[in-house]
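Please read it alongside the sequence and the model.

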Amino acid sequence: MVQRKSLGEGIHRKVVERGTRIFNSANISLGESVYIGHGCFIDGYHEGPGLEIGDNCWIGPGCYIHAAGGIKIGKNTGIGPHVKMLTSYHDMHQTRKPVIENELKFEGIEIGGDCDIGMGVMLLPGAKFGRGCIVEAGAIVREDLSGCEARIIKMKDGRAEPHEVRRVI
C-alpha cells in the first residue's frame, strides 16, 4: 500500500511559487521534491479521489488542474507551462436542458512516471499515459493512450540499454 503524504507534510522539500491558488488541499497529495510554478490553479475537489503528484515532479507556471474525477501524476514527470487538466464534463444525453443543468460526470486522468507533457497541452476526462510518454506542445488528449505501441526514440545517458520512450502525440 502506498503511503500518501498531505500537502503540508515535509513542505521544506516542496516549492509552491507565488500567485498559485490551491483549493481543497486536504484532497491533494504531493510527493517529495515537487515544484509548482507561478500562477497555477489547483483544485483537489471537495470529494472523490483528488490529486496525487509523485516524487520529483515539476508543474510549470500557469497550469490549471481540476481533480474532480481524480488525477495521478507519476514520479519524475514534467508538466509544461499552461497545461490544462479537466476531469469533469456535462452529460449531453439530456439535450432539451441547458448544458449547465445536465448531470456532471467525472473521469480521471493518469500520467505515468518519467513523462513529459509539453506546453499548453489540454488533458480532458479519461486521458491516460503509461511510463515514459512524451506529449508534444499544444496537443489535446481525451482518451486512454496507455496501451499505445512504444518505439525507441533515443538512448538516455548512462543506461546500458535503450530507454523506452513513447511519443504519444
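Asp-43, leaving out residues up to four places away in sequence, touches Phe-23, Asn-24, Ile-65, His-66 and Ala-67, where contact means heavy atoms within 4.5 Å. Asp-43 belongs to strand S5 (residues 41-43), strands being DSSP runs of E with at least two residues, numbered from the N terminus. This is a predicted model, in which local features need pLDDT of at least 70 and side-chain atom pairs count only at pLDDT 80 or more, while totals for chains, interfaces and linings use all residues. Residues are numbered from 1 along each chain as its sequence is written, and side-chain values use heavy atoms, with hydrogens and water left out.

Asp-43 is buried yet has no salt bridge, and Arg-21, the nearest side chain of opposite charge, is 10 Å away. Buried here means under 20% relative accessible area, with exposed over 50% and partly exposed in between, for a 1.4 Å probe and protein chains only. A salt bridge requires a side-chain nitrogen of Lys or Arg within 4 Å of a carboxyl oxygen of Asp or Glu; Lys and Arg count as positive and Asp and Glu as negative, whereas His and the chain ends are not counted.

The distances and areas reported for the selected residues are collected here.

| Item | Value |
|---|---|
| Asp-43 to Asn-24, side-chain polar contact | 2.7 Å |
| Thr-20 side-chain polar atom to Cys-40 backbone nitrogen | 3.4 Å |
| Leu-30 to Gly-54, C-alpha atoms | 6.3 Å |
| Thr-20, relative accessible area | 16% |
| Leu-30, relative accessible area | 2% |

A polar contact is a pair of N or O atoms within 3.5 Å; within protein, one must be able to donate a hydrogen and the other to accept it, and residues adjacent in sequence count only if both atoms are side-chain atoms. Thr-20 lies in the loop between strand S1 (14-16) and S2, and its contacts beyond four places in sequence are Ile-36, Gly-37, His-38, Gly-39 and Cys-40.

Turning to the strands, an open sheet is formed by 6 strands in the order S2-S5-S8-S11-S16-S19, with parallel pairing; two strands pair if DSSP finds at least two bridges between them. Its edges are strand S2 (21-23) and strand S19 (140-141), each of which pairs on one side only. Strand S8 (residues 64-66) runs parallel to strand S11 (residues 84-86) and is joined to it by 3 bridges, with Tyr-64 opposite Lys-84 in S11.

Technical notes. Helices (H or I, at least four residues) and strands (E, at least two) are DSSP runs, numbered from the N terminus.
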